[in-house]
Amino acid sequence: MTLRLPRLASFAAALVFALPFPLFSAAIAPLSSLQSQAEEFKVLIAPPSYERTSEELRVTTDATIRGAESALNSLAKQDPAQATFDSTLGELDRIVARVRNVSNRIGLIQETHPEKAVRDTASEMSVKISSWAIGLDYREDLYRAIKGFADTKPVLTGEDKLLFDEVLRDYRRAGLELPAEQRAEVERLRKELTQLATDYSNNVNQARGPLDLTADELAGMPPSFLESPGVKQPDGGYRVMMNVTWHWQAVIENASNENIRRRAYYARHTLAKDVNSALLTRIIALRTNLALKLGYPTWADYQTEIRMTKKAATALQFEEELVAGLQKKFDAEVATLRTLKVTDTGKPDAKLEPWDISFYTEKLKKERYSVDTEQLRVYFPYQATLEGMFRIYEKIFSLTFTEVLPPQVWAQGVTLFAVCDRTTREPLGLFYLDMFPREGKYNHFACFTIAEGTRHADGRFELPIASLVCNFPPPSADKPSLLQHDDVETLFHEFGHVMHLMLGRSKHGRHYAFGVPQDFVEAPSQMLENWVWDKTVLDTFAADYRDPSKKVPAEVIDALKSARTATSGMFYRRQLSFGLLDLTLHTQTKPNPDLDVISLSNSVLGRVSVAPPADTAFAAYFGHLMGYDAAYYGYLWSLSIAQDMVSVFEASPDKFLDEKIGRRLRDEVYGAGASRDVTESVEKFLGRKQSTKPFLKFLGVE
Ligand SMILES: [Zn+2]
């Protein structure tokens, strides 16, 4: 079925949208009015001043490090006989949280300040603070002070007990509990590992895969691609670089000549093969060795200990369950794509090769599910979409958002909003909006933390501050800023992170909001993406800007959904093959200097996805193996929890607008943060154990 939106005549009346108008028509209140409201609730509202010059950034950084050093020295030097939880772990947590807040603010300036020199200094200061922070784990005097308190066997409960256990676990994981000789060995292995991982990543970055091709050979490629700078050569030929991801994607999705796709595939999948294959063997052996020395059966067990999965076996089992669940859908999709190839080539026995998948997937989407995403923009004018989203989050989380006058901002046009509880009027946090592109500004969409909610030693709570940093198309003379459906999904996702930060209420900084495990932190936002696929939700704000009586047609939403699930079996089996490759390499129980990492990886890829040829080496160019090692599964793990949580909304009386379920999410998930085991929070929200069934349903498996 081909579906296109009717073309609509444009209205001259649209001109009115080009005028820059404030978000709300009422006069904007000063921040001070909110501050007196905050006093009633014993909370503090204290937005920081944003450093304006390189000099100010240096002063802040030096003062922050100096202040933290001096506080840490006092902590370490205290009389062990007088030490308490608050004077040791509590104090350490507050010192680190203060540095983290400054570091977050400098990170924001680094990505958003209008002047390049200021951004560059901010980036230099960020590096300075992180290198200082890395040394903290190994400060022997701090360890002795904490250990001295731990040895008194204090009786602790709740969040204090959790913090205590986690800090001691950090020291154990860093090797500080080992006898001197073994500890030195662990430090040596760690340094060697850091060096080898850097080499691997550098080899990935430096690998080049040029292919020189003629216009004939590039049949099927979009003309705009062929005209791109660097692609068209002075001699009339074309050069595509298989290390440049958008070149690679364009060729593998569009080149109609199979032999060219095959050459592109080989070029891409042998990048860094010569240099990284042996290096990866050494890295895997080193990680295994390190894990064994620290008392873990495998590297993946070491890595997952601090995540939701806790054990490698849990992550493995999760992935295998999805592999099995997707088997039928995957097989059916392979058959469909193969049929397309048979028709395309006229060869009844055509085999679907790995270099055919993207090409026939694109063909399938164009032929059967095409939705003109450009035409959809008319339903999502920026202002109405933003306000509509605000109303939805206000409703489900029982909040109000009110614009206030910011005392100071880092760039013109940045606005500030206060979040209050709808019933009690208690102020809960502040967020800024920095929504349109600027020269040199961060060029994606993200929620930046400016300050986590902080509990002061005197018990008062200082409210959290976030900023949404986006790059929506600015309005033009005759049209408002019109968003793509994708952009609206991203907006709902990122604003979900803002909510997470606003609604955290843990006692200790370590547990605040994004302190949750890495394999969970995306789940609530991934869940909220589903809101923009629901007609009831969309109808509350999405309407043709030229004629607001026109809503997004139900069949368009259905077509979008069908396109999404048409090849989800292939897409997610591929994701699973990466996750399983990563886990397989990192669940070796003995360091093996002869392990053939390439053939081991290829066999996993072949079992779970479409088999790669034996002489290719995907694992030599898989950058995630450094820094995201034994963690790739986390993307699907959190997505699966996201869909599990969605099912609770779907089963409620008001579905995606249900206030009771929203309140439960606010209290059990956002509020709790990492102040208790996240699995417990998720189960409290779900009212049952986790399940992968809703995720499989989302993927189109019934
Ligand atoms: Zn996110």
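## Basis of the description

Two strands are taken to pair if DSSP finds at least two bridges between them.

The model is predicted. The protein chain has a mean pLDDT of 93, with 96% of its residues at 70 or more. Over residues 1-25, however, the pLDDT is below 50, although this stretch has 46 contacts in the model beyond near neighbours in sequence.

## The six-stranded sheet

Strands β1, β5, β6, β7, β11 and β8 form an open sheet in the order β1-β5-β6-β7-β11-β8, and the pairing within this sheet is mixed. The edges are taken by β1 and β8 (446-451), each of which has a single partner strand, so one side of each is left without a neighbour in the sheet.

At the β1 end, strand β1 (residues 29-30) pairs with strand β5 (residues 399-405) in the parallel sense over two bridges, and the bridge partner of Pro30 in β5 is Leu405. On passing to strand β6 (residues 415-421) the sense is antiparallel, with six bridges between β5 and β6; here Glu403 stands opposite Phe417 of β6.

## The three-stranded sheet

A further open sheet is made of three strands in the order β2-β10-β9, again with mixed pairing. Its edge strands are β2 (43-44) and β9 (454-455), each of which pairs on one side only. Strand β2 runs parallel to strand β10 (residues 461-462), to which it is joined by two bridges, and Leu44 stands opposite Glu462 of β10.

## Helix α9 and its two partners

Two packed helices are described by the angle between their axes and the distance between the axes. For helix α9 (residues 245-254) and helix α10 (residues 258-268), the axes come within 9 Å and cross at roughly 150 degrees, which makes α9 roughly antiparallel to α10. The crossing in which α9 passes α10 is left-handed. Thr245, Trp248, Val251 and Ile252 of α9 make the contact with Ile260, Arg261, Ala264, Tyr265 and Arg268 of α10; by class, these are six nonpolar, one polar and two charged residues.

Helix α9 also meets helix α15 (residues 357-369), where the axes come within 6 Å and cross at roughly 70 degrees, so that α9 is roughly perpendicular to α15. The residues in contact are Ile252, Glu253 and Asn254 on the α9 side and Ser358, Phe359, Glu362 and Lys366 on the α15 side, and by class this contact has two nonpolar, two polar and three charged residues.

## Helices α24 and α25

The axes of helix α24 (residues 634-650) and helix α25 (residues 659-671) come within 9 Å and cross at roughly 145 degrees. In this contact, Met645, Val648 and Phe649 of α24 meet Ile661, Gly662, Arg664 and Leu665 of α25, and the residues divide into five nonpolar, one polar and one charged.

Notes: Residues numbered from 1 in each chain as written. Predicted model: local features only at pLDDT ≥ 70, side-chain atom pairs only at ≥ 80, totals over all residues. Heavy atoms only, no water. Axes fitted to C-alpha atoms, helices over the stretch in contact; angles between N-to-C directions. Helix = DSSP H or I, 4+ residues; strand = E, 2+ residues; numbered from the N terminus. Parallel < 35°, antiparallel > 145°, perpendicular 65-115°, else oblique. Left-handed = near helix turned anticlockwise from the far one by under 90°. Contact = heavy atoms within 4.5 Å. Nonpolar A, V, L, I, M, F, W, Y, C, P; charged D, E, K, R; others polar. pLDDT = per-residue confidence, 0-100.
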